[in-house]
Amino acid sequence: MLPGPLLQVEGLTRVFPGVRALDGVRLEVARGTVHALVGENGAGKSTLMRILAGLDVADSGMIHFKGQAFVPRHPVEALRLGISMIHQELLPFPEMTVAENIFMGHEPTRGPLGWIDRGRMEREAAALLSRVGASVAPSRRMGELGVADMQLVEIAKAMAHRAELLIMDEPTSALSAREVESLFGLISELKASGVSVIYISHRFEEIFRIADEVTVLRDGRFVGSGPIGSLDEGRLISMMVGRELGAGSSCGGPVGERLLEVRGLSRRGMFRDVSFCARGGEVVGIAGLMGAGRTGLLRAIYGLAPADAGEIRVRGVVARIVSPRCALVLGIALVGDDRKGDGLVGGMSVKHNLTLASLGRCCRGPFIDPSAEDRVADEQMAALGIRAPHRDAPVEFLSGGNQQKVVIAKALLAEPNILLLDEPTRGIDIAAKAEVHEIIRGLARSGKAVVVVSSEMPEIFALSGRILVMRGGELSGELDPRRATQEDVMRLAMRN
Amino acid sequence: MIGPQAAGTWYDDMSDNANGPAGAGRSRLDWLRRYGLPLALAVIFAGLSAATPNFLTAQNLIIVLRQISINGILAVGVTFVLLTGGVDLSLGSVLALSGVVAAHCAHPGAWPLAFPVVVGMLVGCACGGANALVVTRGRVPSFIVTLGMMTVARGLALVASGGKPVSNLSKGFCLIGGGEALGIPVPVIILACVAALAYVVLRHMRVGRHVYAVGGNEAAARASGLRVGRIKCFAYVTCGALAGLAGVVLAARITTGQPNAGIAYELDAIAAAVIGGTSLSGGVGGVGGTILGALLMGVINNGLDLLNVPSYYQQIVKGLIIVGAVWIDRGGRR
Amino acid sequence: MRARAMALAAVALALAACGRPGPGAPTKGGADTGLVIGVSLLNLSSEFIVLLQRAMEERAAEMGVRLIINDAERSAEKQVRQAEAFVAQKVDAIILNPCEVEASSPAVDRAIDAGIPVVNVNSETRSAPSAFVGSRDEESGRIAMEYIAKRLGGRGNVLMMHGFMGQAAQIKRDAGAREILAKHPDMKLLAEQSAEWDRAKAMSLMENWIQSHGDKIAAVFAQNDEMAMGALIALEAAGLKGNVVVAGVDAIADALQAVKDGRLDATVFQDAKGQGSVAVETAFKLIRGEPIKREVYIPFRLVTRENVGEFLGR
């Protein structure tokens, strides 16, 4: 084995128009270790990883991999050298089989014409899959797999490339507790076999459990680095944000009239016979595992995928909600769980995204009043603390937390009385998370009914006045957060 | 500017600070992104001015403008559809159909002058509306729907004309294509009005903003309560109406309604829009760029004729210049 | 689902309504001979071909022959398929108006192999048909250019507008025109360019030529009337028509009217009616085994203001 670190990065700089994404960043990863990379969203972690994986090119700086200078210009170069990246948003080919996904780009072939050796491909794929502990047939269609299995397939793909450095970007953000455990087991095995892992996560308990070393970035700069044992959580947070954070508390203010009532709501294959109500001034938390039907429920109430049966009452009046437009007219707004999918128009500016659902209030007749629109946008950016270079910057250039705040602000501009939030803090950093929590509490204080779906137990407890738990498409119980524990929630959420 | 390019282009800046976010000094690529197309146009302009004395004369430039007016009107129309993420391949045939129908209403003394114009545009609207209906209600890809309309409208044009050009049009009608006002050809004035109107609609009106949103992310637009179907319908009908108008102008210019006019015009129109920075996948672009794109194509055509470049080579040169211009414009965009 | 079914039904109804009463059934004239001739035409959106078709239908009706008329829509491949279908239907003869010299040849071969006589009309194929009826396209170029030479007194600058480069008509009309130009050393071909048979394109081309050549232009020869009309309109708009002789080919209605009005100087008449009716007669004789001429050339005729009267309304 060669001496020295596996990966050494010095003075790496990457400038985007208007943003210094990386500014002289340093990173050193030893062989056979798990190296956590932490920092708020927008700190430059993703850019650094994209450069290492050959998806982007640095403007200046040095990268040494296995002791040799390394400037990947294309993902294939990085893969050949042994660097594989498991993306936060997985990028599979959903219509192809698992085996085809694993061997995409280096299919085993026979003969000079490149005839694909399907049998060999499936055999090798099966071997790799069993090595990563996935119980998936190589001939399954990728699109049929769940997130956890997809992730294992991606890791198997990295193994097929004989990766020596595996980059994992928020690998657990969509996994259940059990799946997280088996992923950690796999990471330990990989480590034992000499593979290094760069692990990006916002979840401290994970970092403290599996990381050997940690590097902290802030605003594109290197802040510090060291063995995980030399740090505690408070120290890590203050390195990340440059200040200490206070803990939030759940809100238990006065509760008003029943703004939203759902009775016997069902949609085939998603959820069955769900009934609950949300009053003005309260936050109702909905807990449950992935696939428990929570997202489908919110989408049905918002009219994106209307229910087959049951009724929705708004202020006691039965409402027929067949489209988001109907919902908005009735004062219902949704902040979805998929910012890129149906939350934002990526290419549009922050301002245009903010006013998208309520352009009418910035209009005179059919014409947009530019000064009114600017004013509305500035107000919202100030009110929610959206940090963007400018209101006219494309929204896709913002960090995840700020993007999320834009989605929330857009929903609020429609002036809803009932706000539905689906995983409002997924994939955003802790500082932004605290801000989003404060916004949600503020909404409830102002008399709105808020329904929050979250997979993060502390979040549910921090926000909710009541906790509803869903399991397998049905409501399995209701808990009072002041008396219940996380274990109580888990018991209701899991099958016996 | 909406799009992957951070800084935007000056001619279609959707943002109010054309300088973009302040930051590290503007790189060379950044500059190319912003000024690529005008630059390409300027280079070709300068080259042609040096190569032939007949190019840079007021009269010739007016002729260029007149020659781009038909393609320009079509290109502005198709910009709307492209912005929603669709495509309209039926333009050329709709143009022919509208031209033939308008010509039937334009015989001397038959109807007031405005009548054939309105009828031509209504025919275009009807075709656009039919496209929109199938695209939005039937969820058939616009490529297929408008490909079908391309054949149907061509067939209707042949039926409406009996396969023969419709001639004997009134003098007044022909002025729409051949007349002048203050030394400016009428088709150029029409194009200028169309472009100005489209610019205002796309930049300053609610429906224009919604067009961008639908093309940028249809799911997000729907989730924001936009009526996606109606917005698409607006784009296709606008496109059809402008194809109808172009058909009227063409019929007036060549003094007949030709059932086989406008074959492959849709491709020139789409090319002009794309050269002008409008994305084929929607949500990005605008009318200003489209006009520059049409201008670039018109200048190339005119210049090659002036230089007497043989036909075979003209085709090669045109193709290369068009691709080259887009290449410069998108230079370094990753 | 029901909506879709209804839409389909509507389309079917519309199609039924469009269908002519009995395709090409003899309507008047001669007693029905029971003979059937398959006709595949280049393109029914061309005015000349439409005239050809009408002439054939008229003659066929007089002779009591049934025609099955197909439009090949400029596709040689489609034309070959149509010929194959005729063979399968066991028609008595085939009249082919070929799309292309080479690519349409298999259509002739299929029919000859099956023992069905083939008459090529208006343009040629490489494979030899049973008979050919048409005009020599070179002749049209010669006639037009001769007229221009006469008007210019054998001296001056000429511009030529080509059709689609590489098509038989373009090649032959070009060759005929050049033949005459070669005989007149003082006539100079100032520029030549394709306007693809299209009036709007010809207009743009003429405008550009006016910019680069201005008052040096003495005459314009356009290889068809559509382009000649485009050139004419552009010249009139520039106020130059008085100095420039313009001639076209085909004698379409618009061009004839323009000749009558003294705007267009000349066009060349290609006798669609003659070609169509002779083609049907020849096919009829072939079926009956009567003697025929293997090649019949219908002459072109120059049309000027003096004789335009006899062509108008033909």
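Chain C of this predicted model has a mean pLDDT of 87, with 90% of its residues at 70 or more. One stretch to treat with care is residues 19-27 of chain C, where the pLDDT is below 50, although the model still gives this stretch 10 contacts beyond near neighbours in sequence. For the complex, the predictor reports an ipTM of 0.81 and a pTM of 0.76. Here is a tour of how the chains meet, followed by where to read with caution.

**Who touches whom**

- There are 2 pairs of chains in contact, and chains A and B share the most contacts.
- Chain A and chain C are not joined by any contact; their closest C-alpha atoms are 20 Å apart.
- Chain C does meet chain B: 28 residues of chain C are in contact with 32 residues of chain B.

**The interface of chain C and chain B**

- Together, chain C and chain B bury about 2,500 Å², and carbon and sulfur atoms account for 43% of it.
- Three residues stand out on the chain C side: C:Gln193, C:Asn208 and C:Gln211 supply 25% of the area that chain C buries against chain B, more than any other three residues.
- If you are looking for charge pairing, the rule finds 2 salt bridges across this interface.
- In one salt bridge, the side chains of B:Arg66 and C:Glu207 come together at 3.0 Å, N to O.
- Polar contacts are found here too, with 18 residue pairs across the interface of chain C and chain B, both residues being at pLDDT 80 or more.
- Four elements of chain C each bring at least two residues to the side that touches chain B: α2 (47-63), β7 (187-194), α7 (199-213) and α8 (225-237).
- Helix α7(C) gives the most to that side, with 11 residues.
- Sorted by class, the side of chain C that touches chain B holds 10 nonpolar, 9 polar and 9 charged residues.

**How chain C is divided**

- Chain C has a domain 1, made of 2-134 + 272-297, and a domain 2, covering 137-269.
- The centres of domain 1 and domain 2 of chain C, taken over C-alpha atoms, are 33 Å apart.

**Salt bridges in the whole structure**

- Side chains of opposite charge can pair when their charged atoms come close.
- Over all chains, a search of the whole structure turns up 61 salt bridges.
- A salt bridge within chain A joins the side chains of A:Glu164 and A:Arg31 at 3.8 Å, N to O.
- This pair links distant parts of the chain, 133 residues apart: A:Glu164 sits in the loop between α5 (147-160) and β9 (165-169) of chain A, and A:Arg31 in the loop between β2 (19-29) and β3 (34-38) of chain A.

**Confidence in chains A and B**

- Chain A has an average pLDDT of 85, and 94% of its residues score at least 70.
- Chain B has an average pLDDT of 86, and 88% of its residues score at least 70.
- Among the elements of chain B, helix α4 (residues 114-137) has the highest mean pLDDT, at 96, while helix α1 (residues 28-51) has the lowest, at 79.
- Two stretches of chain B have a pLDDT below 50: residues 1-10, with 37 contacts beyond near neighbours in sequence, and residues 13-26, with 33 such contacts.
- Where pLDDT is low, the predicted coordinates should not be read in detail.

How values were computed. Residues are numbered from 1 along each chain as its sequence is written. Chains are lettered from A and ligands numbered from 1 in the order in which they are written. Side-chain values use heavy atoms; hydrogens and water are left out. Contact means heavy atoms within 4.5 Å. Buried area is the accessible area (1.4 Å probe) that two parts lose on being put together, summed over both. A salt bridge is a side-chain nitrogen of Lys or Arg within 4 Å of a carboxyl oxygen of Asp or Glu. A polar contact is a pair of N or O atoms within 3.5 Å; within protein, one must be able to donate a hydrogen and the other to accept it, and residues adjacent in sequence count only if both atoms are side-chain atoms. Ala, Val, Leu, Ile, Met, Phe, Trp, Tyr, Cys and Pro count as nonpolar, Asp, Glu, Lys and Arg as charged, and the others, Gly among them, as polar. Domain bounds come from an automatic or database domain assignment. pLDDT is the predictor's confidence in each residue, from 0 to 100.
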